[in-house]
Amino acid sequence: MIRENIARTEENIRQACELAGRRASEVTLIAVSKTKPLSMLQEAYEYGCRDFGENKVQELVEKYEALPRDIRWHMIGHLQRNKVKYIVGRVYLIHSVDSLRLAEEISRESVKKQVTTDILLEVNAAGEESKFGLPCNGAVTELAAQIAALPAIRIRGLMTVAPYVEDPEENRQYFRALKQLSVDIMRKNIDNVSMDVLSMGMTGDYEVAVSEGAGCVRVGTGIFGERDYTNSAGE
Ligand SMILES: *Cc1c(COP(=O)(O)O)cnc(C)c1O
C-alpha cells in the first residue's frame, strides 16, 4: 500500500510540475512518518524514499538510530531549545525555526559538534493563532539577517503550514505569499542566506503548493494513511 501511495504522490507531483512548467526534479517529496512504526518507514525506504519528516525530537532520534544512515531526516515540528542538542548532527534540515533564541541554540550546538546546520524559517502565512511561525512580513527578513550572522547555521529558505481546508485552492494565496516573501528576502542579498528551499504543501494541498513553487512537499497521510493518536498526547 505504501509503495502505491508514494508512486501515486510522485505522479501527482510530476503532473503538477508539468502544468506549472517546472521539472519534477525540483521538488523533493518528504514522507512524514510521525507516529508510524519503523516497518512502514522501512517499506518506504525500500521503495526509494530517502527524505523523512518527524515532528518530535525523541521519535526522530529513535528512528534515526534504527534506520540506514543515508536517510535525510527533516525536523518539521515545533522545537524546544533544550532539545536542540539531540538533533544537531543527525538532522538534515530543521524546518521550524521561528526565533532568534532557538537559532542561537542551534548555532551554539553546531559549533560544539563542528557541523553546519541548515534551517528554514517557519512562517505562519495565514496568521492562525493556533500555529507557530513568524508573521508573513518584513520581520522575517530582519530575523534572517540576525540569524545569518551566527556561526555554523545556514538559512536555506522558508516553511509554512497552511490551514486545514476543504478546497486546497483556498491555500494558494498563502503559498504565493510565501514564495513572494522568499523572493523579497533573496533580493536583499544577505550573506549566508539562500532561499532555494520552499517547504510548503501537505496531503491536502501539495499540488497547489507545487504549482506555486514548492521545493519540498511534506506528505504524511497520503503515504502512510491516517494517524492514530488514541494512545498518545496528540500532535
Ligand atoms: C503532520 C505534518 C505534515 C503532514 O500532514 P499530512 O496532512 O498528513 O500530509 C506536514 N507538515 C507538518 C509540519 C506536519 O506536522
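**Exercise 1.** In which sense do E1 and strand E2 (residues 51-54) pair, and over how many bridges?

*Solution.* Some conventions come first. This is a predicted model, in which local features need pLDDT of at least 70 and side-chain atom pairs count only at pLDDT 80 or more, while totals for chains, interfaces and linings use all residues. Residues are numbered from 1 along each chain as its sequence is written, and side-chain values use heavy atoms, with hydrogens and water left out.

Step 1. Helices (H or I, at least four residues) and strands (E, at least two) are DSSP runs, numbered from the N terminus. Two strands pair if DSSP finds at least two bridges between them.

Step 2. E1 and E2 pair in the parallel sense, over two bridges. Within E2, Phe52 is the bridge partner of Ala31.

Step 3. Together, E1, H2 and E2 form a right-handed β-α-β unit.

**Exercise 2.** Which residues of helix H1 are buried, and why do they lie on the same side of H1?

*Solution.* Step 1. The buried residues in H1 are Ile2, Asn5, Ile6, Thr9, Ile13, Ala16 and Cys17.

Step 1. They lie on the same side of H1 because they cover an arc of only 110 degrees around the axis; the arc is that of the directions from the helix axis to the C-beta atoms. An α-helix has 3.6 residues a turn, so residues three or four places apart point the same way.

Step 2. The face turned away from the buried side of H1 carries the exposed residues Glu4, Glu18 and Leu19.

Step 3. Among the elements that cover the buried residues of H1 are strand E1 (28-32), helix H2 (38-47) and strand E9 (216-219), where contact means heavy atoms within 4.5 Å.

**Exercise 3.** Describe the neighbours of strand E7 (residues 153-160).

*Solution.* Step 1. Seven bridges link E7 to strand E5 (residues 117-124), in parallel; Leu158 in E7 is the bridge partner of Leu121.

Step 1. Four bridges link E7 to strand E8 (residues 193-199), also in parallel, and Ile155 stands opposite Val193 in E8.

Definitions and conventions. Buried < 20%, exposed > 50% of the residue type's maximum accessible area, 1.4 Å probe, protein only. Right-handed = clockwise from strand over helix to strand, strands pointing away.
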